[in-house]
Amino acid sequence: MHARKPQAASIFAPKTPAPANPIPSSSPAFGTPAHSLKPFAVAPPTKATILPILLPPATLRPLAFRTFTKKHSLTLTSSALQELATFIGRHCGSGWREEGLAEKVLEEVAKSWKNRNGGVIVDGASAELKDILKTLEGNMSGGRISTGRELNRQNSLVLDSSQEVDLTNTRLGIRPTKALSRDDSNTSFGMSGLGVEEEELDDESLSHPRKWLKVISAYDQPRLLYNVTKKHFEKDPSKPSLMPPASRKTTLFRNRYNVIHQRLLRNESFQSSTVATTKAAPSLKRSASSNLTTQQSYKITPIANLLGRHGSHHMLLGLLSVLPAGTLAISDLTGTISLDISHAVAIPEDSAWFTPGMIVLVDGVYEEEEESIGKGLGNSNGVGGIIGGRFQGFFIGQPPCEKRKATLGVSGPDDHTIGGGFGWIDFLGVGSERAVGPKMRKLERRLLRQFRRAITQSSTLDPDAAAEAPSCARVVVIGELNLDQPRALQALRKILTIYSTEPEGSTPMAFVLAGNFTSHAVMAGGGASGGSVEYKEYFDALASVLADFPTVLQSATFAFVPGDNDGWASSFGAGAAVPLPRKPVPDLFTSRVRRAFATANAELSAAGAAKVGGGGEAVWTSNPARLSVFGPSHEIVVFRDDMSARLRRTAVRLKTSSQSSAEENQENKPPATAAATTTTTTNGDNDDIDMANALESTDAMDIDDTLTELSEPVVPHDVRSARRLVKTVLDQGYLAPFRHAIRPAHWDHGGALHLYPLPTAMVLVDGTAPPFCVTYEGCHVMNPGAVLVAGRRGVGRWVEYELGKTGRVRECLF
């Protein structure tokens, strides 16, 4: 009989003899097999099939409302809802509701839309939504969103807090995280290429603060228009042109008016209260405490609504203009009416300029007449044209300004989001405040702290002196650099010498050199009439001066802002006011300057280049231009214009309180005394003095009043003029608040002249105004004046501004 073999379960495979191998196992004690194991057979993944359905938009509306409106504060249009319903029905099929597929898709689309700064209104015809859906379609499998192995079977809808922060960081563009290493994944979240790693910066070229400095030309800024219906800013879909149709001029005024009007409606003084009411008609007049009373509530009346309301009290917001007959008028979007300000007083007194071309607030009474002023010179009468009668103004004022934080909807020392405002709008193309602002401020503090620590460790000075070393987060502004004057080049050489001797690593990150680069319009035959050849020689002389300071050129960005005497605009303008914004100096004249920077950067080693941020550069930008440092954290507007002199030439004359009181006293005096007490007409600056009244007060020996006057601080004239200039420009929110005949502007690029939201700092290079550094409503405004101080030989002047702080006017002897 044969021996019975032991029975084994069928699930155990029979033992197969190991192949003969002359090489024994490397570790027999641990049972390491001597031969390689047979690899597992990997089955190809099966793609789930989805049966498309027709999903009505009305069925998807409740879920879309809950996701977009309640959760993400977005508004869906009917066209967008139709696009989403078609997409979900095609790619999610019948399981869109039971399996929760539609909710995840809607969540992904909402996040991608906000990361792309698409705005509050989600429009189905927008290219952004179509791009999001197209990218999302390539990442869907079986109705679900697949984001690759790197996410460990997670998608953006179920990320924890740390991963969600990383996704937000990729909006900034240092380097995407490991979880988003795929290009299609970055695109699906609507990220641009700016990403910041919170813990450390892997790219050495982005670890220098200067690499986060960006010079933005006026022609590169996003062209935005305010939509009154949606109460939101939208991109202008039209193509810009230097010769646009006449309708663009109307669009320019309409957009400027709408921006100021919505800014006023957000002001507390123009928001009526349902609890506190007042019987008296509101006016611009201030209370005794110089503050608006809590019961005052202002209401703006459209000009067309004045018809048939003779003798009624109103407040108008409109553009000061000049009628063909030569009289003043005020215009808004509904019509125009003749304006009489012969008895009007500015509120606050002597605090701002008022010129035709400005949008102002006027408080007064409407007086109806049979015929409109100026009738016969045109047929534009009635609603939409010239309203019959006139408006008697008693008080006139600038529209109050709005702080940057209030516009963007942030508050607190750490700039926490409080909602509202236009925080999701990308005004400069560097990212919106709500998307990248907090992250950029954290990055700024970390980088500046690291550089301060590096300077302290590498410095040969004692720790106290090293701690007081200047920071690299500075911007040096040199104004009115006339290259045809040898003394101006000497002053520039002295200024660069001062900064070249500073400790290594503390060189300012940017130098702004503003024109006019020639004192005459050389291109139009001014000066020595050398034309373009002479103009290029001046920049060659500048290049020879800059080449003597290679360490400064290697570690700083030089921005050159032209003036009215610079080419090519001066070749036909002859130094007169050319349309704004004006283009930079052509590269034809600046080749030697660029060569000086290239030579200095060639001397840098790889380690030295990383230490100074990759080498310096020369940027020839427009006028005006903007400097963005760390995204939306710091916005610096640079504008070269003799605005102060233009305001003095075109301003309207108003009554002052002293003049009004003098006229009242004159009416109450006898005729002989009244004839002797002649009131001197004062100008806008209120510099003239009534000598008769002064003599009377001297004879009366009123000691108490004299002591009171002496105790009040006397504000210098230069400070008063600086405050007046700054308040006028910032309240207008526009860099050219004049008539187009006085200061023309390109209609399609007028948005670059807006100061909304207010920048963190503004450089107004005005050679006709004294140098100053003034802060108004959180915006720090600086004017360096001309680099050569008038009346003081051998003295150079410039402004040094540190980010987040204030600037100071500096002088040197050369």
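In which loop is the place of Thr301?

Analyst: Thr301 sits in the loop between α7 (247-265) and β9 (313-322). Helices (H or I, at least four residues) and strands (E, at least two) are DSSP runs, numbered from the N terminus. This is a predicted model, in which local features need pLDDT of at least 70 and side-chain atom pairs count only at pLDDT 80 or more, while totals for chains, interfaces and linings use all residues. Residues are numbered from 1 along each chain as its sequence is written, and side-chain values use heavy atoms, with hydrogens and water left out.

Thr301 has a relative accessible area of 10%, so this residue is buried (buried means under 20% relative accessible area, exposed over 50%, partly exposed in between, with a 1.4 Å probe and protein chains only). Its side chain makes a polar contact of 3.4 Å with the side chain of His314. A polar contact is a pair of N or O atoms within 3.5 Å; within protein, one must be able to donate a hydrogen and the other to accept it, and residues adjacent in sequence count only if both atoms are side-chain atoms. Leaving aside neighbours within four places in sequence, Thr301 is in contact (heavy atoms within 4.5 Å) with Leu306, Arg309, His314, Met315 and Leu316.

Another buried loop residue is Asn516, at 8% relative accessibility, found between β18 (510-514) and α12 (531-546). The side chain of Asn516 reaches the backbone nitrogen of Asp564 at 2.8 Å and the backbone nitrogen of Asn565 at 3.0 Å. Not counting residues up to four places away in sequence, Asn516 touches Glu480, Leu481, Asn482, Gly563, Asp564, Asn565, Asp566 and Arg640.

Of the contacts with a separation of 6 or more, 71% are between residues 24 or more positions apart.

Six of the strands form an open sheet of mixed pairing, in the order β6-β21-β22-β23-β25-β24. Its edge strands, each pairing on one side only, are β6 (213-217) and β24 (772-776). β6 pairs with β21 (residues 625-629) in the antiparallel sense over five bridges, and two strands pair if DSSP finds at least two bridges between them. Within this pairing, Ile216 has Arg626 of β21 as its bridge partner.
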